[in-house]
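I opened this entry to keep track of what I looked up inside the protein.

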Amino acid sequence: MLQTVEPHSDCLETRLSRAREEVECARALWRTVYSEEFGWLPSNADPLADPYHARSLYAVSRLADGTPIGTMRIVQLAEPGFFISDKLGMDPLVGHVTKGFEVQRLMVLKNFRDRRFPGAPFGVYGAMVKTCLWHAMATASDWVLADCHRNTEIGPLKSMKGMGFRETGQTYVDEKNGEECVVLIIRTKDWIAGTMNNPGRFNQYLLAPDVNLTMEV
C-alpha cells in the first residue's frame, strides 16, 4: 500500500512516459485505489494485465520527495479496432478522422483529492487534464475519448462536460463495479479554441507552459 504524507511546499511534478518508473507507480496507485479503497479488484490482481498496456503512456504526479499521489493512462489508437472496450463500434463517432487517443483511469490518493499545490493550483486532477491537452497538441491528435462513470461520486463526469467533452450516446457497464460508464469525446481544435476564448484561471493554467510537466513520448 502506498503511504500518504503531508504535501511539501514545492511544486507538484507530473511526468508522462512509458518508462518503467511511471508504470510501477501507476500499478501501485491503481492497487491502492481500486483494490484497497474501493474493493473493485482482488488484492493479487495486476491492473496492468489488460490489452491496452502495450500501447499506453502513464502520467504520474509526485510530491517533491518523489511520493506518487495521482495517475492517468493515455491509450493510443490501434488497428483494427478502437480502444474503448474495442467493442462499442466507434467508427460513427470519429468518422474519417483517425488520429486520437483515449484517456482513462485517472485517480488520486484519497488524502490528496482536494489538495492544491504551488504550480498546480487546481490539484492533481487539473495537472492530469493539462497533461492530456498538451499531449493532444504535441501529437497533433484530432480528438480525445474518455470513459467516465455516470455516478459522479466516483467519476468527474460533470467537470469533463464543463470542459467541452460531450456524451457520444455510447455506454457500457464497468465489470469491476457494475456501474454505468459513458463514452465522451472532444475535438482537440474545439478544446483549444474553447480554452483560448474563455480566459478564466483554469484555462490560463491549462495553456501556460509548465516546467513541472515532462512528456517523454
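Which residues line the largest cavity? I worked from a predicted model. I listed Leu 12, Thr 14, Gly 119, Ala 120, Ala 127, Lys 130, Thr 131, Tyr 205, Asp 210, Asn 212 and Leu 213 as the lining. I sorted the lining by class and got five nonpolar, four polar and two charged residues. Helix α3, residues 123-138, contributes the most to it, with three residues. I noted a volume of about 70 Å³ for this cavity. The structure holds one cavity of 30 Å³ or more.

Next I looked up the nonpolar cores. The largest has 48 residues, and α3 supplies the largest share of this core, seven residues. I wrote down the residues with the most contacts inside this core: Ile 69, Phe 117, Val 144, Phe 165, Leu 184 and Trp 191. I then took Phe 165 and, leaving aside neighbours within four places in sequence, found contacts with Val 144, Ala 146, Met 160, Leu 184, Ile 185, Ile 186 and Trp 191. A second, separate core has six residues, among them Trp 143, Leu 145, Tyr 172 and Val 183.

Last, I checked Met 72, which sits in strand β3, residues 68-76. Is Met 72 buried or exposed? Met 72 counts as buried because its relative accessible area is 1%, and the cut-off is under 20%. Not counting residues up to four places away in sequence, I found that Met 72 touches several residues, including Leu 57, Tyr 58, Val 103, Leu 106, Met 128 and Thr 131. Tyr 58 is 14 residues from Met 72 in sequence, and their C-alpha atoms are 6.0 Å apart.

How values were computed. Residues numbered from 1 in each chain as written. Predicted model: local features only at pLDDT ≥ 70, side-chain atom pairs only at ≥ 80, totals over all residues. Heavy atoms only, no water. Helix = DSSP H or I, 4+ residues; strand = E, 2+ residues; numbered from the N terminus. Buried < 20%, exposed > 50% of the residue type's maximum accessible area, 1.4 Å probe, protein only. Contact = heavy atoms within 4.5 Å. 1 Å grid on protein atoms, 1.4 Å probe; cavity = no way out; pocket = protein on both sides within 12 Å on 5 of 7 lines; lining within 4 Å. Points joined across faces, edges and corners; volume = space filled by probe spheres on them. Nonpolar A, V, L, I, M, F, W, Y, C, P; charged D, E, K, R; others polar. Core = buried A, V, L, I, M, F, W, Y, C linked by side-chain atoms within 4.5 Å.
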